[in-house]
Amino acid sequence: MATKAKSATKSAAKASTPSSAINIGISDKDRAAIAKGLSHLLADTHTLYLTTHNFHWNVTGPMFNTLHLMFMGQYTELWNAVDPIAERVRSLGHVAPGSYADFGKLASIADAPSQPPKALEMVRILVKGHEAVARTARELFPVADKVGDEPTCDLLTQRMTVHEQTAWMLRSLLEE
Ligand SMILES: [Fe+2]
C-alpha cells in the first residue's frame with residue numbers, strides 16, 4: 001500500500017510538471033543570464049532607434065537631404081531589429097522590457113539630446129551609439145556561445161555586422 005501510494009505521488013508529481021515549462025537544453029540560470037544581456041541590447045537598440053529618428057526630423061544644413069535620407073534607412077533598420085531581440089528574450093522564458101523607464105535603466109547609451117546638435121555632431125553621436133551597441137552584443141556573445149545558444153549567437157552576429165558597418169559609413173562622413 002505504502003509503495004503504491006509512493007508511486008502514485010511520484011507519477012502525480014510528474015504529471016504536475018507544467019506543460020509550459022521550458023526544456024530546450026539551456027539551464028534556467030543560463031537562460032536568465034542571456035535574457036538579461038539581450039534586454040540590454042534591446043534597450044540600446046531602441047534608444048539608438050529613437051535618437052536616429054529624432055536626427056532624421058531635426059537635421060539642418062547643407063547635408064540635409066543626404067543625412068535626412070540616410071537616417072531614415074538607419075532608423076527603419078533599427079526599428080525592425082528590436083522585434084527579433086525582444087522575441088528571443090521571450091523564447092528564453094523571460095519578460096521583454098518595453099517601457100521608456102526600463103530602457104533608460106538598461107541602456108548603455110545616452111538618450112537623445114533635447115536640443116538638436118549640428119549635423120556633423122549628430123553623425124558623431126550616432127557613430128558612438130553604433131559602436132556601443134556592437135560592444136553590448138559582443139559582450140553577450142561568449143555567454144550564449146558557451147551554452148550552445150546558437151539562435152542568440154546568430155542574432156548577435158547579425159546585429160554586430162549591421163552596427164559595425166553603419167558605424168563605418170557614418171565615420172566616413174567625418175573624414176576629410
Ligand atoms: Fe520622415
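Me: Which helix gives the largest share of the lining of the largest pocket?

Reply: This is a predicted model, where local features need pLDDT of at least 70 and side-chain atom pairs count only at pLDDT 80 or more, while totals for chains, interfaces and linings use all residues. Residues are numbered from 1 along each chain as its sequence is written, and side-chain values use heavy atoms, with hydrogens and water left out. Helix 2 (28-58) and helix 5 (119-146) each put at least two residues into the lining, helices being DSSP runs of H or I, at least four residues, numbered from the N terminus. The largest share, six residues, belongs to helix 5.

Me: And how much space lies in that largest pocket?

Reply: A pocket here is an open set of points on a 1 Å grid over the protein atoms alone where a 1.4 Å probe fits, with protein on both sides within 12 Å along at least five of seven lines, and lining residues have an atom within 4 Å of a point. Among the lining residues are Lys36, His40, Asp44, Arg135 and Glu139. Grid points are joined across faces, edges and corners, and the volume is the space filled by probe spheres set on the points. For the largest pocket that comes to about 230 Å³.

Me: What's the make-up of the lining of the second largest pocket, by class?

Reply: That pocket holds about 150 Å³, and helix 2 and helix 4 (100-106) are the elements giving two or more residues to its lining. Ala, Val, Leu, Ile, Met, Phe, Trp, Tyr, Cys and Pro count as nonpolar, Asp, Glu, Lys and Arg as charged, and the others, Gly among them, as polar. The lining therefore sorts into six nonpolar, three polar and one charged residues.

Me: On to the rings: what angle lies between the planes of Tyr49 and Trp79?

Reply: Rings of Phe, Tyr and Trp (its six-membered ring) pair if their centres lie within 6.5 Å; planes under 30 degrees apart are stacked, over 60 edge-to-face and the rest tilted. The structure holds three such pairs. Tyr49 and Trp79 sit 5.0 Å apart centre to centre and are tilted, at 45°.

Me: Is Trp79 buried or partly exposed?

Reply: Buried means under 20% relative accessible area, exposed over 50%, and partly exposed in between (1.4 Å probe, protein chains only). Tyr49 counts as buried because its relative accessibility is 12%. Trp79 has 46%, so it falls in the middle class: partly exposed.

Me: How far apart in sequence are the parts that Phe55 and Phe71 tie together?

Reply: Phe55 and Phe71 are a tilted pair too, 6.4 Å centre to centre with 50° between the planes. Both residues are buried. Phe55 lies in helix 2 and Phe71 in helix 3, so the parts they join are 16 residues apart.

Me: Which elements do the buried residues of helix 3 pack against?

Reply: Helix 3 has 28 residues and reaches 41 Å from first C-alpha to last, close to the 40 Å expected, which is 1.5 Å times one less than the number of residues. Its buried residues include Leu67, Phe71, Tyr75, Leu78 and Val82. They pack against helix 2, helix 5 and helix 6 (150-173).

Me: Last one: which residues does His163 touch?

Reply: His163 lies in helix 6 and is buried, because its relative accessible area is 0%. Contact means heavy atoms within 4.5 Å. Not counting residues up to four places away in sequence, His163 touches Leu48, Leu78, His130, Val133 and Ala134.
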